[in-house]
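These are my notebook entries on a single protein model. I set down what I looked up, in the order in which I looked.

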Amino acid sequence: MLSSWFPLLLQELQDNSPLLYLWYAESEVANSSGSSRETESSSRAMHILCYLGSGLAYVPYTSQPSSMQILRARQGFREKLKKIQSLWSHGVTDDQSAALVCSAAVFEELTNDLSGAVEILEHMFSSVLPGYFPDLHSWVLLLILMLVYT
C-alpha cells in the first residue's frame, strides 16, 4: 500500500522543491546570529541555493561552494528567471515560480549585495506589473527589509 503512494509523494516533493529550498536557505540565513556563525550559515544557504540554481541533485553540505558552483547557479537562475518572466507575462503564476524568484534574489544578496537582489525583484515585478508602482524600487526595498527583519 505504501509503495503505491511513494511515487506520488516523490512527485509532490519535487513539484514543491523551490519552496523547500527557499525555506531551507532562509532558515540558515535566519540562524546566523554571530560573526563566526554568520559565515557558516551564509555558506550553507549559498550551498542550498547553488543546487537549486544549477538544477543539480542536492548533496548535503560539506564545504563552502566553489566559485564554479556559484557561477553555474547564477547562470541557472538567469535561465529560470527568463522562463518565469515569460510565464508571468502570460498571467501564469504559482508558488514555485515566486519561490524561484525569491531564491534568486537571496542568492544574489548572499553572493553580491542587497542592490543585486533588489534589481532582480524590480526587474521581475516591473515586467509583470508595468506602471503599477511609480516608485517600484522603494516598494521592493521595503518588501526585502520586511522579509529580512521579521
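Entry 1. I began with helix 4 (residues 67–89) in this model, which is predicted. I asked what span its 23 residues should have at 1.5 Å a residue.

Entry 2. I then looked up which residues of helix 4 are buried. They are Ile 70, Ala 73, Arg 74, Gly 76, Phe 77, Leu 81, Ile 84 and Trp 88. Just after helix 4, I noted that Gly 91 has a positive phi of about 85°.

Entry 3. I turned to a pair of helices. Two packed helices are described by the angle between their axes and by the distance between those axes. For helix 2 (residues 17–31) and helix 5 (residues 95–111), I found that the axes come within 8 Å and cross at roughly 35°. The crossing of helix 2 and helix 5 is left-handed. On the side of helix 2, Pro 18, Leu 19, Leu 22 and Val 29 make the contact. Helix 5 contributes Asp 95, Gln 96, Ala 99, Leu 100, Cys 102, Ser 103, Val 106 and Leu 110. I recorded 9 nonpolar, 2 polar and 1 charged among the residues of this contact.

Entry 4. Finally, I considered the whole protein. I counted 7 helices and 0 strands. Of the 150 residues, 33% are buried. Among contacts with a separation of 6 or more, 47% join residues 24 or more positions apart. The accessible surface is about 9,600 Å², and carbon and sulfur atoms account for 61% of that surface.

Conventions
Residues numbered from 1 in each chain as written. Predicted model: local features only at pLDDT ≥ 70, side-chain atom pairs only at ≥ 80, totals over all residues. Heavy atoms only, no water. Helix = DSSP H or I, 4+ residues; strand = E, 2+ residues; numbered from the N terminus. Expected span 1.5 Å × (residues − 1). Buried < 20%, exposed > 50% of the residue type's maximum accessible area, 1.4 Å probe, protein only. Axes fitted to C-alpha atoms, helices over the stretch in contact; angles between N-to-C directions. Left-handed = near helix turned anticlockwise from the far one by under 90°. Contact = heavy atoms within 4.5 Å. Nonpolar A, V, L, I, M, F, W, Y, C, P; charged D, E, K, R; others polar. Areas by Shrake-Rupley, 256 points an atom, 1.4 Å probe, with all protein chains shown as cover.
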